[in-house]
Amino acid sequence: MNAKLQNRNVLVIDDSDVDRQVIADILAEAGFTVHQLPSPIGATRTARELQVGLVIIDQNLPSLDGSKLAALFRSAGFADLRVVLISSADEPSMLEITRKAKADAFVSKQRMREELVSIVRRLMR
């Protein structure tokens, strides 16, 4: 079986301890191995060391927009890494930001419980 298909490692980057833990709990319950960072500092190194298959990034990080971090992952050679942006901002503006950042998906924080697992599963097939 393809190693990519077996990779259930997810990295969550969100400055909100509560949101980060909610995401981790949702994904862990669905069988994913979840790693967490409270900021983008060291994100590419951590993703490489942990060999994550998908990263979930809060758009509104205080030190670096999530879309800029997504673009950084792409430029740092993470071509196979799946990227999901999350935000409490309105969906139409975030869909455009997601597209420009070359992220794979956007999930509204208001709909994480309903949508996150199915989107992550789809992207990690």
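Ala, Val, Leu, Ile, Met, Phe, Trp, Tyr, Cys and Pro count here as nonpolar, Asp, Glu, Lys and Arg as charged, and the others, Gly among them, as polar. With that in hand, the lining of the largest pocket sorts into 7 nonpolar, 4 polar and 4 charged residues.

This is a predicted model, where local features need pLDDT of at least 70, side-chain atom pairs count only at pLDDT 80 or more, and totals for chains, interfaces and linings use all residues. Residues are numbered from 1 along each chain as its sequence is written, and side-chain values use heavy atoms, leaving out hydrogens and water.

Back to that pocket. Its 15 lining residues include Asn-7, Val-52, Gly-53, Asp-80 and Leu-81, which lie nearest the centre. The volume comes to about 290 Å³.

Now for two helix pairs. Helices are DSSP runs (H or I, at least four residues), numbered from the N terminus.

| Pair | Angle | Axes |
|---|---|---|
| Helix 2 (residues 17-29) and helix 6 (residues 112-123) | about 55 degrees | 10 Å apart |
| Helix 3 (residues 43-50) and helix 4 (residues 66-75) | roughly 50 degrees | within 10 Å |

Angles under 35 degrees count as roughly parallel, over 145 as roughly antiparallel, 65 to 115 as roughly perpendicular and the rest as oblique. Helix 2 and helix 6 are therefore oblique to each other, and so are helix 3 and helix 4.

Who touches whom (contact means heavy atoms within 4.5 Å)? From helix 2, Val-22, Ile-23, Ile-26 and Leu-27 meet Met-112, Arg-113, Leu-116, Val-117 and Val-120 of helix 6. That contact holds 8 nonpolar residues, no polar ones and 1 charged. In the other pair, Ala-43, Thr-44 and Ala-47 of helix 3 meet Leu-69, Leu-72 and Phe-73 of helix 4.

Key. Axes are lines fitted to C-alpha atoms, for helices over the stretch in contact, and angles run from 0 to 180 degrees between N-to-C directions. Contact means heavy atoms within 4.5 Å. On a 1 Å grid over the protein atoms alone, a cavity is a set of points where a 1.4 Å probe fits but cannot get out, and a pocket is an open set with protein on both sides within 12 Å along at least five of seven lines; lining residues have an atom within 4 Å of a point. Grid points are joined across faces, edges and corners, and a volume is the space filled by probe spheres set on the points.
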